[in-house]
Amino acid sequence: MAWFKREIKGIITTTEEKKEAPDGIWNKCPNCKKPLHYSEQVENQYVCHYCGFHLRIGSKEYFSVLFDDNQFTELFNNLHSGDPLNFTDSKKYTDRVAETQKKTGLQDAIRAAHGKMNGQEVMIACMDFNFIGGSMGSVVGEKIARSIDYSIANKVPFIMISKSGGARMMEAAFSLMQMAKTSAKLALLSQAKVPYVSLLTDPTTGGVTASYAMLGDINIAEPGSLIGFAGPRVIKETIKKDLPKGFQTAEFVQEHGFLDFIVDRREMKEKLASFLKMLTPVTPKEEKVIEPKG
C-alpha cells in the first residue's frame, strides 16, 4: 500500500504561494458548457468553436471585429445622462449611473465611432448590454441622432448594432421619446439615400425593437438572438397559452418576415461590406463626347 501513503514529501508549494489563473482567461460556453480560452475566443470572434454559440459581447469587441485593424475614431463621448425626474428606486438614478460607469468604463449604453470596414468608410453605433441592461435613455437616442447626422453630412453608410432590454424606466417619457426621435432621423437618412444596416444581437427587445432596430434598409441578426417586444414570459402570462418552439429567436423572426438575413459573426464583416457596396449608389463617370469629323 505504498501508493496510498506519502512516503516522500513531493508537494512543497504552500497554499499562499499558489497562483490563481487571472480573471477572464477562461470562459465557459453557456450552450455546450465546454471551456474556452480567451485567445481562442478572440481568434474565433467570440463564437464557440465547439457548438457555434455566439457569446454576448460589447462595443469594444464588435469594433475590433468590424473596423479594419481595430482603427476608429470615437465620437460624442462627452454625453452624460441627466436625471430629469430625480428618480430613486433601491438607489438614486445618478448613483446607479455613476456606479455603472465606474464598473464598466462606459459613459452610457452606446458608443459611436467612424472608421473603415474593408476599406470603405462607415459609421457604427453599438449598444452595450452591461450598462443598465443596454437600456435606451436620452443619451442613447442623442448619440444615434448625431451619428445619423454625421452619416448624412459625410455620405457615409450607417450601421446600428442593437443589444438592449428596452426603454430606460428611470427616464420615463424622455426615454420613450427617443423612439420617435431616432425614427425621424432615420427617415432623413433614407431621404438622403445613405444606406442603413441594422444588426440585431442577443437580446434586442422593447422600445429598441419597436423603433430603429427594425427600420434598416437591411435587417440582419446573429444566430439564436432573442428578438421581440415583450419577453416570452410576459406574453405567455398574458395570453395564457404555450408559445411556439423557438419563439422570438432570430430564426423564428426571420421565418415570419421581420429579418432579411441571419449572419454568423465570423462572416459578419464580409457580409456587411457586401451589403453596403450593393446599397451605396455609384456616381456615374462623365463620358467623353467625340464629335464626328466634318
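## Exercises on pockets and strands

β1 (26-28), α1 (38-43), α2 (59-66) and α3 (93-104) each contribute at least two residues to the lining of the largest pocket. Keep in mind that this is a predicted model.

**Exercise 1.** Describe the largest pocket: which element gives the most to its lining, and which residues are closest to its centre?

*Solution.* Start with the space, which comes to about 490 Å³. Of the 21 lining residues, R56, I57, G58, E61 and N130 are the closest to the centre. Next, look at the elements: α2 gives the most, with 3 residues. Finally, sort the lining by class, and you find 7 nonpolar, 7 polar and 7 charged residues.

**Exercise 2.** How many charged residues are in the lining of the second largest pocket?

*Solution.* First find the pocket, with a volume of about 170 Å³. Its lining includes F229, F247, F252 and F258. Then divide the lining by class: 7 residues are nonpolar, 4 are polar and none is charged.

**Exercise 3.** Is strand β5 (residues 120-127) mostly covered or mostly uncovered, and in which sense does β5 pair with β4 and with β6?

*Solution.* Begin with burial: 7 of the 8 residues of β5 are buried, so the strand is mostly covered, where buried means under 20% relative accessible area. On one side of the task, β4 (residues 110-117) pairs with β5 in the antiparallel sense over 8 bridges, with G115 opposite V122. The two strands form a hairpin with 2 residues between them, and N118 in the turn has a positive phi of about 55 degrees. Now turn to β6 (residues 158-164), which pairs with β5 in the parallel sense over 4 bridges. There, I159 is the bridge partner of I124. To get from β5 to β6, the chain passes through helix α4 (residues 138-154) in a right-handed β-α-β crossover.

Definitions and conventions
Residues numbered from 1 in each chain as written. Predicted model: local features only at pLDDT ≥ 70, side-chain atom pairs only at ≥ 80, totals over all residues. Heavy atoms only, no water. Buried < 20%, exposed > 50% of the residue type's maximum accessible area, 1.4 Å probe, protein only. Pairing = 2+ DSSP bridges. Right-handed = clockwise from strand over helix to strand, strands pointing away. 1 Å grid on protein atoms, 1.4 Å probe; cavity = no way out; pocket = protein on both sides within 12 Å on 5 of 7 lines; lining within 4 Å. Points joined across faces, edges and corners; volume = space filled by probe spheres on them. Nonpolar A, V, L, I, M, F, W, Y, C, P; charged D, E, K, R; others polar.
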